[in-house]
Amino acid sequence: MVSSELGRSENKQQGSRLVTIWVISGVVLGLSVLGLSLALPHGGIWKRKKKRPIRVYMDGCFDMMHYGHCNALRQARALGDQLVVGVVSDAEITANKGPPVTPINERMIMVSAVKWVDEVIPDAPYAITEEFMKKLFDEYDIDYIIHGDDPCILPDGTDAYALAKKVGRYKQIKRTEGVSSTDIVGRMLLCVRERSTGDSHSHSSLQRQFSHGHSHKSEDGGSGSGTRVSHFLPTSRRIVQFSNGKGPGADARIVYIDGAFDLFHAGHVEILRLARGLGDFLLVGIHTDQTVSANRGGHRPIMNLHERSLSVLACRYVDEVIIGAPWEVSKDMITTFNISLVVHGTVAEDNDFQKEKSNPYAVPISMGIFKLLESPLDITTSTIIRRIVSNHEAYQKRNEKKAESERRYYEDKTYVLDD
């Protein structure tokens with residue numbers, strides 16, 4: 001009897017001890033979980049700590065910005081989560097290459113408008129110095145410095161990206177074949193050389209060579225637009241890479257603007273920005289080479305249809321383009337694309353349309369859906385051409401300086417489509 005009671009007593013004590021241990025263990029576990037939960041962001045126990053975005057840096061002159069620049073920025077952005085772009089100052093470009101065609105304020109507008117760019121640094125140095133590289137790493141949180149696979153050699157013969165390569169923070173992308181600022185300037189200088197024989201060499205005469213007269217010889221030996229000297233090989237994949245891939249919503253207000261968009265410049269960007277602000281979806285019509293030549297002269301356009309289309313597609317304000325849009329905006333076109341508003345800038349090379357018998361905007365005007373937009377910048381394609389023509393000797397020397405290195409780069413290379 002006594003032993004039975006003692007056994008029951010011991011069992012009760014053991015049970016009490018077990019309960020006490022379970023309670024203490026539960027409290028300790030609860031406190032541990034609470035501490036871990038508080039330590040994690042947003043208090044989520046199962047949420048992992050969010051990784052810092054990978055920030056990559058690419059710099060450049062971005063003079064006379066074209067689809068090749070845009071494709072480089074697209075590739076650079078794909079190597080990280082955020083792309084920071086340094087725009088080299090006018091003084092640095094002049095010292096290392098010769099005078100830029102477009103000043104830094106215009107180049108800043110152009111780079112900022114590229115849809116793959118997240119942040120822009122003005123007046124970046126031409127070469128990555130140790131001091132600037134430290135600033136990139138410490139102040140801008142840059143993880144990698146990006147450049148194309150073409151050589152970037154300083155006047156003293158050294159590699160502009162040697163320091164970045166030395167510290168293991170350098171990544172390389174493929175250069176877009178068949179285009180460069182040198183090439184574009186060369187197209188215009190070629191026209192000057194061919195047309196200047198027996199003609200006055202005054203600036204006004206050189207300017208007229210791009211607007212009137214017969215077309216110069218093309219690469220295939222025939223006659224045609226000056227864009228025949230282009231080496232660009234368009235592919236459907238490249239167009240897809242540049243495209244947003246999204247159509248307008250069911251009730252979207254679609255704004256339409258058309259033009260040549262030749263030598264895509266800051267004036268184009270700013271009018272596209274204003275046009276996009278008037279609706280939910282911006283549709284841009286790009287006129288054919290033949291249409292541009294018929295209305296602006298045999299030496300226009302400088303860039304061919306696909307080159308011009310890619311430059312426009314890379315702009316963050318543009319949702320979709322019509323490659324080879326008709327000169328006249330018809331009722332059928334307005335209905336097909338569900339266009340709500342047709343716009344045109346006040347600064348353009350086709351602003352005599354209201355005086356012409358066959359006004360290309362007659363239909364949208366009659367429908368009350370046409371609007372003339374005040375252009376923010378007084379820049380046209382002819383403005384860019386005048387800059388080059390007026391200083392063509394300096395640009396000729398600049399091109400000759402770079403031509404040899406570009407020739408070596410393209411030698412024995414085949415066209416490779418980058419990812």
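These legends walk through several close-up views of a predicted model.

Residue numbers start from 1 along each chain as its sequence is written, and side-chain values use heavy atoms, with hydrogens and water left out. Because this is a prediction, local features need pLDDT of at least 70 and side-chain atom pairs count only at pLDDT 80 or more, while totals for chains, interfaces and linings use all residues.

**View 1. The whole chain, with its confidence.**
The protein chain has 16 helices and 10 strands; helices (H or I, at least four residues) and strands (E, at least two) are DSSP runs, numbered from the N terminus. Of its 419 residues, 48% are buried, where buried means under 20% relative accessible area, exposed over 50% and partly exposed in between (1.4 Å probe, protein chains only). The chain exposes about 21,400 Å², and carbon and sulfur atoms supply 54% of that; the areas come from the Shrake-Rupley method with a 1.4 Å probe, and for residues only the protein chains shown count as cover. Take contacts between residues at least 6 apart in sequence: 78% of them join residues at least 24 apart. A contact here means heavy atoms within 4.5 Å.
As for confidence, pLDDT (the predictor's confidence in each residue, from 0 to 100) averages 80 over the chain, and 70% of the residues score at least 70.

**View 2. Two stretches to read with care.**
Over residues 36-48, pLDDT stays under 50, and the model has 8 contacts there beyond four places in sequence. Residues 197-229 also stay under 50, and for that stretch the model has 70 such contacts. Where pLDDT is low, the predicted coordinates should not be read in detail.

**View 3. The sheet β3-β2-β1-β4-β5.**
This is an open sheet of 5 strands in that order, with parallel pairing; two strands pair if DSSP finds at least two bridges between them. The edges belong to β3 (119-124) and β5 (170-173), and each has a single partner strand, so one side of each is left without a neighbour in the sheet. From one strand to the next, the twist averages 30 degrees. For angles, axes are lines fitted to C-alpha atoms (for helices, over the stretch in contact), and values run from 0 to 180 degrees between N-to-C directions.
Zoom in on strand β2 (residues 82-88) and you'll find it pairing with β3 in the parallel sense over 4 bridges. Val85 has Val120 in β3 as its bridge partner. Helix α4 (residues 104-112) lies across β2 and β3, running at about 165 degrees to β2. Helix α5 (residues 130-138) packs on the sheet too, touching β1 (55-60), β3 and β4 (144-148), and its direction makes about 120 degrees with that of β4.

**View 4. The sheet β8-β7-β6-β9-β10.**
Here is another open sheet of 5 strands, again with parallel pairing. At its edges stand β8 (320-325) and β10 (370-373), each with a single partner strand, so one side of each has no neighbour in the sheet. Neighbouring strands are turned by 25 degrees against each other on average, direction ignored.
What does β9 (residues 339-345) pair with in the parallel sense over 4 bridges? One partner is β10, and 4 bridges also join β9 to β6, running parallel. Val342 has Phe370 in β10 as its bridge partner, and Tyr256 stands opposite Val342. Further along, His344 stands opposite Leu372 in β10. With 6 of its 7 residues buried, β9 is largely enclosed by the rest of the structure.

**View 5. Helix α10 and Ile271.**
Ile271 sits in helix α10 (residues 266-276). Is its side buried or exposed? Ile271 is buried, with a relative accessible area of 8%. Leaving aside neighbours within four places in sequence, Ile271 touches Ile257, Gly345, Leu373, Glu374, Ser375 and Pro376. Tyr317 is 46 residues away from Ile271 in sequence and 9.8 Å away in space, C-alpha to C-alpha.

Helix α12 (residues 305-313) lies across β7 and β8, at about 160 degrees to β7. It's mostly covered, with 8 of its 9 residues buried; among them are Leu305, Leu310, Val312 and Leu313. At the N-terminal end, Asn304 caps α12: a side-chain oxygen lies 3.1 Å from the backbone nitrogen of His306.

Terms used:
A polar contact is a pair of N or O atoms within 3.5 Å; within protein, one must be able to donate a hydrogen and the other to accept it, and residues adjacent in sequence count only if both atoms are side-chain atoms.
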